[in-house]
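Here are my notes on this one, for you to read with the model open. Tell me if anything looks off to you.

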Amino acid sequence: LLKQRRELHEALARVQELATRDSLTGLINRRHMQELLDQELKRQERSGAAFCVAIVDLDFFKRINDTHGHHVGDEVLCGFVRESIEVLRNADMMARWGGEEFLILFPETRAEQALNGLMRLREHLAGKALSEAVPDLVVTFSAGLAEHVNSHTLRQTLERSDRALYAAKASGRNRSVLAPVS
């Protein structure tokens, strides 16, 4: 009976892991990040502490897959995550948002601080080999950043971040754009 209980506990832990983590990168997945964003919103409502969200997209990722294959694309995704974790603060949370998109939650952070964090990440990535198969492959990212505004819903904040990401891409990529408060 004890062995069965232990096995059941291990199986439940594995199911929880599968339900909350991206299998390739090991990051939390979109669904779990949504829960964390909801928690951060509640914390912000109680404490008044600011928070920011950034949607980060690897530049020209489709070209990497088309030129070098999906194996290299997977290496790049995992390498980007590995290097990001080195630079981001322990309090910052990163999720695989979809494909080559990531969402970073900067809790208790104003926009200027979050922009500095994205700049540190960009500088850290410069010259880093994200793929063992193609070590000279240069990978950059574009990011849209939004500071949550009390009068907005979480959905509006995410939409502002997404629009800022598209502005970053439209203005030349390899940059971060702060979403205006609208």
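Predicted model: local features only at pLDDT ≥ 70, side-chain atom pairs only at ≥ 80, totals over all residues.

1. The thing to find is an open sheet of five strands, ordered 2-3-1-4-5, with mixed pairing. Strand 2 (93–98) and strand 5 (176–178) sit at the edges, each pairing on one side only. From one strand to the next, the twist averages 20 degrees.

2. Take a look at strand 1 (residues 52–58) and strand 4 (residues 141–147): seven bridges join them, in the antiparallel sense. If you want a spot to start from, Cys-52 has Glu-147 in strand 4 as its bridge partner.

3. Now the helices. Helix 4 (residues 70–87) packs on the sheet and touches strand 1, strand 2, strand 3 (101–106) and strand 4, with its direction at about 145 degrees to that of strand 1. Helix 6 (residues 154–170) lies across strands 1, 2, 3, 4 and 5, and runs at about 145 degrees to strand 4.

4. The largest pocket has a volume of about 210 Å³. It is lined by 13 residues, and Leu-27, Ile-85, Asp-92, Met-93 and Met-94 are the closest to its centre. Helix 4 and strand 2 are the elements that each give two or more residues to this lining. By class, the lining has seven nonpolar, three polar and three charged residues.

5. The second largest pocket holds about 150 Å³ of space. Of its 15 lining residues, Leu-125, Ala-126, Gly-127, Val-138 and Val-139 lie nearest the centre.

Definitions and conventions. Residues numbered from 1 in each chain as written. Heavy atoms only, no water. Pairing = 2+ DSSP bridges. Helix = DSSP H or I, 4+ residues; strand = E, 2+ residues; numbered from the N terminus. Axes fitted to C-alpha atoms, helices over the stretch in contact; angles between N-to-C directions. Contact = heavy atoms within 4.5 Å. 1 Å grid on protein atoms, 1.4 Å probe; cavity = no way out; pocket = protein on both sides within 12 Å on 5 of 7 lines; lining within 4 Å. Points joined across faces, edges and corners; volume = space filled by probe spheres on them. Nonpolar A, V, L, I, M, F, W, Y, C, P; charged D, E, K, R; others polar.
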